[in-house]
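Subject: Structure handover

Hello,

Here is the structure I promised to pass on. Please open it before reading my notes.

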Amino acid sequence: MYKIAVLGDRDSVLGFKALGLDVVFAEGTEEARHTLHQLARGGSYAVIYITEQLAAKMGEDIARYKDQVTPAVILIPGKTGSLGLGQTALQSAVERAVGADIA
Amino acid sequence: MPSATINPTRMELTRLKGRLRTATRGHKLLKDKRDELMKQFLEVVRRNRELRAKVERGLEEANAAFTVASALMSPEMLEQALLYPKQSVELDMKFKNIMSVDVPVYAFHTRNEDPTEIYPYGFAQTSGELDTALEALSRVFQDMLELAQVEKTMQLLAEDIEKTRRRVNALEYVMIPQFQENIKYITMKLDENERGNITRLMKVKDMVLKEAIEAKRAKDAQAMEAFAARRGSV
């Protein structure tokens with residue numbers, strides 16, 4: 001049985017707590033990085049949602065989990081709205097598969 | 001340029017021909033695999049794009065309602081209202097096989113029987129906007145989970161396509177040409193040896209013939225001499 005974690009700043013992710021997800025607050029990049037690896041290492045989280053605001057400076061840390069089945073690290077927009085990073089990740093996956101940027 | 005270490009022998013030639021056959025067949029199979037993976041991948045990408053747009057829109061709505069709620073309530077009250085959730089979500093993960101890539105399939109179930117039971121607070125001390133925010137969140141959550149599944153699938157497929165693509169290219173542009181080159185080299189070398197052998201045999205034959213003729217001539221000359229001597233003495 002796996003769990004779902006949501007990682008982000010307090011105001012963006014507090015609401016997920018009511019849905020029954022495990023909410024972890026992180027304000028700075030360093031803290032977020034540390035927390036992400038800790039969550040991933042435990043192996044009990046299959047999905048970790050992280051706000052784009054935090055993820056913006058953690059490209060390498062997130063890329064590390066790309067080829068592993070667990071956890072799936074998924075970007076969601078934080079309270080200040082979408083930064084378009086999710087789209088960028090999609091783009092880069094396409095680029096990786098095709099070997100060229102198609103649309 | 002054939003590698004310097006190959007032996008120009010018939011055995012090596014047979015071996016290389018076998019490997020070339022295997023490589024050609026593998027190349028064809030991998031190419032088919034890549035094409036099918038690509039087809040699946042593009043479908044997943046399309047679905048991912050849809051879901052992401054939907055999730056981002058939904059979360060924006062929820063965040064807007066949440067901002068209003070947190071403006072109306074004090075941060076302590078808000079925290080207190082949400083601190084102890086009534087609901088808890090567990091995730092079930094199964095695997096689906098797409099062209100020998102294992103991709104996850106998520107299914108979640110809530111511990112509380114009633115999935116709409118998401119308000120962990122009494123309604124007396126909280127504002128209605130909080131209810132709206134939580135409702136919006138719970139609505140978007142189903143899509144969020146599917147987004148996670150699709151996005152992971154996409155990443156795993158992308159990795160596998162990259163790997164397959166490299167293999168196809170390595171076979172097509174390195175292995176197969178190299179085998180062909182080596183086979184050609186060995187065939188030419190063997191033919192060359194064959195020709196060398198024939199010339200050598202012809203040469204030897206010439207030499208043997210020459211010797212035989214000379215021996216014969218010497219014998220004839222001797223005979224002639226003997227004949228002449230006998231006539232002289234008679």
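My notes follow, from the chain contact down to single residues.

One caution to begin with: this is a predicted model.

**Where the chains meet**

Start with the contact between chain A and chain B. Chain B puts in 47 residues and chain A puts in 34. On chain B, four elements each supply at least two residues of the side that touches chain A: helix H1 (10-72), strand E1 (89-98), strand E2 (101-110) and helix H3 (128-233). H3(B) gives the most, with 18 residues. Sorted by class, this side of chain B has 27 nonpolar, nine polar and 11 charged residues.

**A helix pair across the chains**

Next, look at helix H6 (residues 85-98) of chain A against H3(B). Their axes come within 7 Å and cross at roughly 25°. Angles under 35 degrees count as roughly parallel, so H6(A) is roughly parallel to H3(B). The crossing of H6(A) and H3(B) is left-handed.

Which residues meet here? From H6(A) come A:Ala93, A:Arg96 and A:Ala97. From H3(B) come B:Met154, B:Gln155, B:Leu157, B:Ala158, B:Ile161 and B:Glu162. By class, the contact of H6(A) with H3(B) has six nonpolar residues, one polar and two charged.

**A helix pair within chain B**

H3(B) also packs against H1(B). The axes of H1(B) and H3(B) come within 4 Å, and they cross at roughly 160°. Angles over 145 degrees count as roughly antiparallel, so H1(B) runs roughly antiparallel to H3(B). The crossing of H1(B) and H3(B) is left-handed. Their contact divides into 38 nonpolar, 12 polar and 19 charged residues.

B:Leu13 sits in helix H1 of chain B. Leaving aside neighbours within four places in sequence, B:Leu13 is in contact with B:Ile183, B:Ile186 and B:Thr187. Take B:Thr187: 174 residues separate B:Leu13 from B:Thr187 in sequence, yet their C-alpha atoms are 7.7 Å apart in space.

B:Leu13 has 19 other C-beta atoms within 10 Å, so B:Leu13 counts as partly exposed. Burial would take 20 or more.

**The loop between E1 and E2 of chain B**

Two residues stand out for their backbone angles. B:Met99 lies in the loop between E1 and E2 of chain B. Phi of B:Met99 is near 50°, a positive value in a residue other than glycine. B:Ser100 lies in the loop between E1 and E2 of chain B as well. Phi of B:Ser100 is near 65°, again positive in a residue other than glycine.

How exposed are they? B:Met99 counts as partly exposed, because 17 C-beta neighbours lie inside 10 Å. B:Ser100 has 8 C-beta neighbours inside 10 Å, so B:Ser100 counts as exposed. The cut-off for exposed is 12 or fewer.

**A cis peptide in chain A**

Last, go to A:Pro71. A cis peptide bond joins A:Thr70 to A:Pro71, with omega at about -5°. A:Pro71 is placed in the loop between helix H5 (59-63) and strand E4 (72-76) of chain A.

Over to you.

Best wishes

Key
Residues numbered from 1 in each chain as written. Chains lettered and ligands numbered in written order. Predicted model: local features only at pLDDT ≥ 70, side-chain atom pairs only at ≥ 80, totals over all residues. Contact = placed C-beta atoms within 7 Å. Nonpolar A, V, L, I, M, F, W, Y, C, P; charged D, E, K, R; others polar. Axes fitted to C-alpha atoms, helices over the stretch in contact; angles between N-to-C directions. Parallel < 35°, antiparallel > 145°, perpendicular 65-115°, else oblique. Left-handed = near helix turned anticlockwise from the far one by under 90°.
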